[in-house]
Amino acid sequence: MAQLSALDAQFLHFETATNHANIAGLAVLEGDVNRSDLQDLLEQRLPYVPAMRRKLAPVPWGLDHPYWEQEDDLDLDYHVREIGLPPPGDDRQLAEQVSRLHARRLDRGHPLWEIYLIHGLSGGRMGLYTKIHHAAVDGIGGADVLAALLDVGPDPAPPPQGPAGREEPVPSKLAMVGNALTRLAANPAQAVRFAAAAVPHLDEIPVLSRLPGTALVSRLARQMAGSGELPQLPPLPAPRTPFSGKISAHRRFAFVSLPLEEIKQVRRAFEVTVNDVVMAICAGALRRWLETHGGVPSRPLVAGVPFSLREAGEVAPGNQVTIMTAPLAVHLDDPVERLRHVQRAMQRIKDRFALAPATWLREFSESMPAALMGLAARSAFGLVGQTMPPINVAISNVPGPQFPLYVCGARLLTHYPVSVITDVSGGVNITAFSYNGSVDVGVVTDRQMVPDPWELAHDFRKALDELRNEAFRDRV
C-alpha cells in the first residue's frame, strides 16, 4: 500500500482545463516497431515497473491524498496505441502530432500512462511517444520507466528472473477516512513547524523572495539559528515577456539535436560545465527569439531549474524534486558574457544547494491540509500566473547514456523530452537530454504565446555556433 506524498498530490491538484501535468518523451527509432511486439515486451517487463501498474484510489470526500492501487488486469490495448502520419511524414508533422497528444489529460480511471507508436515518418523511421503523469514519477523516475522498454543491443534481453513484487492492498474506505482525520489533526502543528523552518529560506521561494526585505529576514534568521552564512541569491523579478501569464489548453512542440562534442569544445575553451553551456545556449536562443517578438528585456529572464533531492542510488517512488530560480542573461549581447553570467549564477546556486538543499516545495506541500490542497493549488496558480509570475521559462538538462539503445530491435536515434508548461512557470519549457553523442532538446510552448516553436528550436543551433566561434577565436 502506497499513498501519494503531498508533493505528488500537488501535481494532480493544480491540473485545470489548461494546466496539465504530463511529462513525456519522443523517441525516434530507426525501423518500425510492431504494436503486438511492443505489447509482448511490456507484458514481460511491466510487472517490475511499479509506477506503470498503479492507478489512483481516491479517499472519500477528498479528505486525504489518494492512494496507489495495483492494477492486476492491465489493459495494454488501451495503453498502447498507434497512429500514422500522412505523406511526406516529416519532422514538423511528427511534432504537430505530439503537440496534440501532449495537450490531452490522462484518464484518472486507469494507470496514468500511454504509449503511441507513430508510423509513416520519413527516412525509414518511426516515433514512439511515451506519456506519464508527473504525480507518478519525477524526471529520474520517468527515465527509469523509459529504461523498462530499452535494451543495449538489437536482441531484447531475457525477461527478469524472480517473482515481481506485489504491493499491499489499499486500506478500506473507513480506514482511509480514519487516517485522513489523524493527519488533519496534525496539520496545524506541521504548518507551524514549516513556517518556522521556512523563514531562513524565504529567499529561495518564488513569489515570497520578491517581497521587500525577504533576503534580510532570511539572513537574520539563519544567523539567529547559528546555521552559518549561505551564498546569497540575487533578487529575481521576472520581466514580462510574450510567453508570461495564463496559458491556453493548446501546446506546440519542436525539437533539435546538438552535437555533444561541440558543446564540450565550448566547455573546455571557457572552463565551464556542460550544463553552463546548455543554459547559455538557451539564453542565446531566447534572446534571438525575443529580438523578433516583442523585444529583449533590460534585465535577465528568470529560469526555473529543477533539482533532484534523491540520494545516490535512491529508487523511492514518486517525486523527489525541488525547483530553484536562476537568472538567464538574455539582456547581454555578448555570448561569452552570457556564458560567464550563467556560470556565476549556477555556481552560486549549487554552492547554496550543497550546504542546504531547497526542500521548501516538499515541506510546503506537506504543511497544507489535504482536503484544501486542490482548491488552494488551483487558486494560487491562477492568481500568481495572472499577477506576478515568478518564472519566465522552465529549463532542465538531464544526462543520459552515451551508447546506442534499442526498442524491440529498432535502434533509438534520438530522444526528445516533452515536458510541462503552466500559468506560473510560463509558456515555454526547454528540456535537454544527452544521448549517444548528442544533446536532444525538446521545446514545449503555449500555442497562443509561441505559435511556431521551430523558430526557437533553430535558434539553439545559432546560439551554439556563436559560442563555438568565440571559443575558436580565443585560440587564434
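These notes go through the predicted model from the whole chain down to single residues.

1. Basis. The model is a prediction, in which local features need pLDDT of at least 70, side-chain atom pairs count only at pLDDT 80 or more, and totals for chains, interfaces and linings use all residues. Residues are numbered from 1 along each chain as its sequence is written, and side-chain values use heavy atoms, with hydrogens and water left out.

2. Overall content. The protein has 13 helices and 15 strands; helices (H or I, at least four residues) and strands (E, at least two) are DSSP runs, numbered from the N terminus. Of its 476 residues, 54% count as buried, where buried means under 20% relative accessible area, exposed over 50%, and partly exposed in between, with a 1.4 Å probe and protein chains only.

3. Surface and contacts. Among contacts (heavy atoms within 4.5 Å) between residues at least 6 apart in sequence, 79% join residues at least 24 apart.

4. Strand 13. This strand covers residues 410–418, and because 7 of its 9 residues are buried, strand 13 is largely enclosed by the rest of the structure. Strand 2 (residues 22–30) runs antiparallel to strand 13 and is joined to it by 7 bridges; two strands pair if DSSP finds at least two bridges between them. Within this pairing, Val-28 stands opposite Thr-414 of strand 13.

5. Val-407 has Ala-410 in strand 13 as its bridge partner. The hairpin has 2 residues between the strands, and Cys-408 takes a positive phi near 50° there.

6. An open sheet of 3 strands has the order 1-4-3, with antiparallel pairing. Its edge strands are strand 1 (2–3) and strand 3 (54–57), each pairing on one side only. Strand 1 is joined to strand 4 (residues 67–70) by 2 bridges, and Ala-2 has Trp-68 in strand 4 as its bridge partner.

7. Gln-97. Not counting residues up to four places away in sequence, Gln-97 touches Ile-83 and Leu-85.
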